[in-house]
Amino acid sequence: MKKEEIRSRIKAHKALLSEQERRQAAEAAFSMLEKSVAFMMADKILMYHSLPDELSTIDFIDKWHTRKHFFLPRVNGVNLDVLPYDRTRLQYGAFHIEEPTGDDIENIDNIELIIVPGIAYDNRGNRVGRGKGYYDRLLSRTKATKIGIGYDFQLVDEIDSEPHDITMDIVITDSRIINIKSRNKHNG
Ligand SMILES: Nc1nc2c(c(=O)[nH]1)N(C=O)[C@@H](CNc1ccc(C(=O)N[C@@H](CCC(=O)O)C(=O)O)cc1)CN2
Ligand SMILES: Nc1ncnc2c1ncn2[C@@H]1O[C@H](COP(=O)(O)OP(=O)(O)OP(=O)(O)O)[C@@H](O)[C@H]1O
């Protein structure tokens with residue numbers, strides 16, 4: 001399926017969700033994440049601060065931020081900087097996402113695990129994002145484990161991937177966890 005078609009279908013599906021369904025899905029997906037070896041083993045983790053149409057990370061960050069070192073992305077032109085999460089130092093940035101303030105930019109090489117937001121995934125680890133390439137550019141610079149997370153319906157049949165797309169190592173939804181590395185991974 002073409003990326004644009006996927007984006008509009010997923011958007012329509014998301015609009016149908018009740019507040020309770022959103023909450024339950026986030027709880028289920030993040031409970032699967034916290035039981036994964038990749039999460040248990042990692043200390044420095046790049047999370048995302050959720051937008052209203054994404055699985056909410058608020059409760060999860062709240063639960064774990066004292067036991068892991070969490071980081072968040074901050075838009076800097078066409079790139080993403082990575083800064084430590086500190087709940088007292090957040091500010092709305094580009095695209096109205098809460099981002100860390102300050103200048104303690106982390107070297108991406110130190111990040112062990114990246115929780116990647118997305119519009120859709122397929123079972124080969126391909127991902128569709130918001131179409132601005134921010135995560136593709138960031139992920140091309142790291143060897144960290146990449147976990148895509150989303151609602152079950154964000155897992156689609158097949159995504160037409162492009163050469164610059166970086167595949168996920170694991171995809172987690174509210175009902176499934178898919179380990180891509182054990183399958184045929186084509187770039188990475
Ligand atoms: N929670 C979260 N943080 C993130 C991302 C993300 O997808 N989710 N990003 C992932 O790259 C980066 C920010 N990039 C973004 C790019 C576009 C839009 C966005 O709202 N696009 C609208 C279109 C409006 C517009 O073009 O301005 C949309 O998708 O409807 C948001 C974030 C970094 N932080
Ligand atoms: N590694 C890269 N270096 C330079 N430009 C890139 C890179 N990856 C992607 N881009 C550019 O970003 C644009 C958007 O790419 P794409 O539609 O794949 O974004 P996406 O993966 O859906 O979004 P995002 O990564 O922001 O969540 C493309 O037109 C591409 O030219």
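Me: In this predicted model, which exposed residues does the face of H2 turned away from its buried side carry?
Reply: Helix H2 covers residues 19-35, and among its buried residues are Ala25, Ala29 and Leu33. Seen down the axis, the buried residues of H2 fall within an arc of 160°, so they line one face of the helix. The face turned away from that buried side carries the exposed residues Glu27 and Lys35.

Me: How far apart are the end C-alpha atoms of H2?
Reply: Helix H2 has 17 residues, and at 1.5 Å a residue these should span 24 Å.

Me: Which strands are included in what covers the buried residues of H2?
Reply: The buried residues of H2 include Phe30 and Glu34, and their cover includes the helices H1, H3 and H4. Strands also take part in this cover, including E6, E9 and E10.

Me: Are the rings of Tyr151 and Phe153 stacked or edge-to-face?
Reply: The structure holds seven aromatic pairs. In the pair of Tyr151 and Phe153, the ring centres are 5.2 Å apart and the planes lie at 5°, and planes under 30 degrees apart count as stacked. Both residues are buried, and their pair is therefore described as stacked.

Me: Which residue in E3 is the bridge partner of Arg74?
Reply: Strand E2, residues 69-76, and strand E3, residues 79-84, run antiparallel and are joined by six bridges. Two residues lie between these strands in their hairpin, where Gly77 takes a positive phi near 65°. Across the pair, the bridge partner of Arg74 in E3 is Asp81.

Note on methods: Residues are numbered from 1 along each chain as its sequence is written. Chains are lettered from A and ligands numbered from 1 in the order in which they are written. This is a predicted model: local features need pLDDT of at least 70, side-chain atom pairs count only at pLDDT 80 or more; totals for chains, interfaces and linings use all residues. Side-chain values use heavy atoms; hydrogens and water are left out. Two strands pair if DSSP finds at least two bridges between them. Helices (H or I, at least four residues) and strands (E, at least two) are DSSP runs, numbered from the N terminus. The expected span of a helix is 1.5 Å times one less than its number of residues. Buried means under 20% relative accessible area, exposed over 50%, partly exposed in between (1.4 Å probe, protein chains only). The arc is that of the directions from the helix axis to the C-beta atoms. Contact means heavy atoms within 4.5 Å. Rings of Phe, Tyr and Trp (its six-membered ring) pair if their centres lie within 6.5 Å; planes under 30 degrees apart count as stacked, over 60 as edge-to-face and the rest as tilted.
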